[in-house]
Amino acid sequence: MPALPIEDLPEKEKLKMEVEQLRKEVKLQRQQVSKCSEEIKNYIEERSGEDPLVKGIPEDKNPFKEKGSCVIS
């Protein structure tokens, strides 16, 4: 049986789903944004040396390098 879009559910079902979601969210451990952002920054900086988007991919290991060129004359 396919799932109904939320808009098609009765109001009572929508409210039940909202209460369930709020119960899940209230159990989450909260942290200050300033602390989390510092941890994320440190994580990124520690791994930037191995990130191919930052340092690039060596030509010999690049599976997407151009194998040849096309000349139209």
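Lysine 16 is partly exposed, at a relative accessible area of 42%; partly exposed is the class between buried, under 20%, and exposed, over 50%, taken with a 1.4 Å probe and protein chains only. I start there and work outward.

First, what you are looking at. This is a predicted model, in which local features need pLDDT of at least 70 and side-chain atom pairs count only at pLDDT 80 or more, while totals for chains, interfaces and linings use all residues. Residues are numbered from 1 along each chain as its sequence is written, and side-chain values use heavy atoms, with hydrogens and water left out.

On confidence: pLDDT is the predictor's confidence in each residue, from 0 to 100. The protein chain averages 87, and 97% of the residues score at least 70. Which element has the highest mean, and which the lowest? Helix α1, residues 11–27, is highest at 94, and helix α3, residues 52–55, is lowest at 83. Helices here are DSSP runs of H or I with at least four residues, strands are runs of E with at least two, and both are numbered from the N terminus.

Back to lysine 16. The side chain of lysine 16 meets that of glutamate 13 in a salt bridge, 3.9 Å from N to O. By salt bridge I mean a side-chain nitrogen of Lys or Arg within 4 Å of a carboxyl oxygen of Asp or Glu. Why are these two separated by about one helical turn? Because they are 3 residues apart in helix α1. Glutamate 13 counts as partly exposed, at 33% relative accessibility. As background, side chains of opposite charge can pair when their charged atoms come close.

In helix α2, glutamate 39 and lysine 35 are 4 residues apart, so about one helical turn separates them. Their closest N and O atoms are 4.0 Å apart, and they form a salt bridge. Glutamate 39 is partly exposed at 43%, and lysine 35 is partly exposed at 46%.

Next is the pair of arginine 47 and glutamate 46, a salt bridge with its closest N and O atoms 3.2 Å apart.

Now the nonpolar surface. Ile40, Tyr43 and Ile44 make a nonpolar surface patch of about 330 Å². Patches are made of residues with over 30% relative accessible area and no salt bridge; like charges are joined within 9 Å, and nonpolar side chains (Val, Leu, Ile, Met, Phe, Trp, Tyr) within 5 Å. The areas come from the Shrake-Rupley method with a 1.4 Å probe, and for residues only the protein chains shown count as cover. Isoleucine 44 sits in helix α2, residues 33–47, and is exposed, with a relative accessible area of 53%.

Then the segment after α3, where asparagine 62 lies. Is asparagine 62 buried or exposed? Asparagine 62 counts as buried, at 18% relative accessibility. Its side chain reaches the backbone nitrogen of phenylalanine 64 at 2.9 Å. Valine 71 is also found in the segment after α3, and valine 71 is exposed, at 70%.

A word on distances. From valine 71 to proline 10 there are 61 residues in sequence and 63 Å in space, C-alpha to C-alpha. Glutamine 32 is in the loop between α1 and α2 and is exposed, at 59%.

Last, the record. UniProt lists residues 12–46 as "coiled-coil region", in an unreviewed entry. In the model that span is 86% helix and 0% strand, and its end C-alpha atoms lie 49 Å apart. UniProt also lists residues 5–73 as "domain: G protein gamma", again in an unreviewed entry. Over residues 5–73 the chain is 52% helix and 0% strand, with 55 Å between the end C-alpha atoms. UniProt positions are given in the numbering used here, feature names are shortened, and annotations may be inferred rather than shown by experiment.

Conventions: Polar contact = N/O pair within 3.5 Å; in protein donor to acceptor, adjacent residues only side chain to side chain.
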